[in-house]
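Here's a quick briefing to read alongside the structure. Have a look at the model first, then work through the notes below.

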Amino acid sequence: MTVQEIQEILKATVYCEGTSLQTEAHTACGSDLMSDVLAYVKDQSVLLTGLVNPQVVRTAEMMDMVCVVFVRGKQPDKAIVEMAQELGIAVLSTPYGMFSACGRLHDRGMKGGGEAYV
Amino acid sequence: MSDTIQLNFTVPGDDFTRAGEASSEVKGILKKLGLSPMVVRKVAIAMYEGEINMAIHGGGGEITVEISDQWVQMVLADQGPGIPNVELAMQEGWSTAPDSVRNLGFGAGMGLPNMKKYSDEMSIDSQVGVGTTVTMRVYLNL
């Protein structure tokens with residue numbers, strides 16, 4: 001799945017294209033707790049979150065993620081978008097809530113990858 | 001790479017939004033040096049969590065990073081209140097962070113456990129009322 005497909009599935013607004021909207025992303029996680037995101041070093045490409053601050057982009061950077069999606073229509077401020085541009089990370093905002101956004105991506109084949117115990 | 005490279009950073013204690021800038025810079029340098037992606041990510045995450053901790057609890061501080069041909073070492077030193085019970089602080093979920101920090105997505109008691117998880121060696125030297133120094137090493141060939 002590409003970042004562009006994520007944008008279409010989530011009917012999202014693109015605030016920053018990152019490296020390219022054609023960048024592939026196959027795994028995702030949804031969390032408002034950045035330390036939980038950092039706790040699992042699997043190759044997750046997309047972070048869905050309701051938290052809006054620059055540390056979200058910083059966390060995505062540390063995890064080599066390619067895309068951050070803000071849920072429930074939350075909008076990133078200028079500082080967040082500029083940081084993401086500099087780091088080549090796509091930033092989207094979807095009107096869907098966390099559960100629905102994750103569900104829509106999962107339905108279309110996006111996988112998790114940060115499970116502690118399965 | 002035969003010589004050890006040393007990098008020094010000051011972490012501001014009054015601006016949480018800037019925490020992570022040093023880790024970001026180190027990550028970029030390690031990538032340019034051609035270290036393996038897993039080593040780069042382990043260093044970046046361990047140092048980032050440490051940097052966040054310094055901003056939350058330590059009132060900022062100094063970080064020294066040394067890169068040798070065997071390992072990357074990070075020494076994070078603050079002059080904050082110190083950790084009264086290190087064993088307790090190492091438990092996942094144990095936290096003294098204020099709500100203002102939790103609202104930013106941190107302070108859930110995962111900082112030190114994550115630092116231990118991603119570093120190959122870690123030691124904590126903390127004195128109440130004096131400060132805390134955390135030393136972490138990530139080996140290049142484990």
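This is a predicted model: local features need pLDDT of at least 70, side-chain atom pairs count only at pLDDT 80 or more; totals for chains, interfaces and linings use all residues.

Residues are numbered from 1 along each chain as its sequence is written, chains are lettered from A and ligands numbered from 1 in the order in which they are written, and side-chain values use heavy atoms, with hydrogens and water left out.

**Where the chains meet**

- Chain A brings 22 residues to the contact and chain B brings 26; contact here means heavy atoms within 4.5 Å.
- Together the two chains bury about 2000 Å², with 53% of that on carbon and sulfur atoms. Buried area is the accessible area (1.4 Å probe) that two parts lose on being put together, summed over both.
- There are two salt bridges between chain A and chain B, a salt bridge being a side-chain nitrogen of Lys or Arg within 4 Å of a carboxyl oxygen of Asp or Glu. B:Lys27 and A:Asp64 meet in a salt bridge, at 2.5 Å from N to O.
- On chain A's side, the elements giving two or more residues are α2 (34–39) and α3 (54–62). Helices (H or I, at least four residues) and strands (E, at least two) are DSSP runs, numbered from the N terminus.
- α3(A) gives the most to that side, with six residues.

**Helix α3 of chain A**

- Nine of the nine residues of α3(A) are buried, so the helix is largely enclosed by the rest of the structure. Buried means under 20% relative accessible area, exposed over 50%, and partly exposed in between (1.4 Å probe, protein chains only).
- Those buried residues pack against α2, β3 (46–49), β4 (67–70) and α4 (78–87) of chain A, along with α1 (21–32) and α2 of chain B.
- A:Asn53 caps the N-terminal end of α3(A), with a side-chain oxygen 2.7 Å from the backbone nitrogen of A:Gln55.
- Just past the helix, A:Asp64 takes a positive phi of about 60 degrees.
- A:Gln55 counts as buried because its relative accessibility is 1%. A polar atom of the A:Gln55 side chain lies 2.9 Å from the backbone oxygen of B:Ala19.

**Two glutamates in chain B**

- B:Glu51 lies in helix α2 (residues 37–58) of chain B.
- B:Glu51 is buried yet has no salt bridge, and A:Arg58, the nearest side chain of opposite charge, is 7.1 Å away. For charge, Lys and Arg count as positive and Asp and Glu as negative; His and the chain ends are not counted.
- The B:Glu51 side chain does make a polar contact with the side chain of B:Ser23 (2.4 Å), and it reaches the backbone nitrogen of B:Glu21 at 3.3 Å.
- B:Glu66 sits in strand β2 (residues 61–67) of chain B, and counts as partly exposed because its relative accessibility is 22%.
- Setting aside neighbours within four places in sequence, B:Glu66 is in contact with residues including B:Thr4, B:Ile5 and B:Trp71.

Notes: A polar contact is a pair of N or O atoms within 3.5 Å; within protein, one must be able to donate a hydrogen and the other to accept it, and residues adjacent in sequence count only if both atoms are side-chain atoms.
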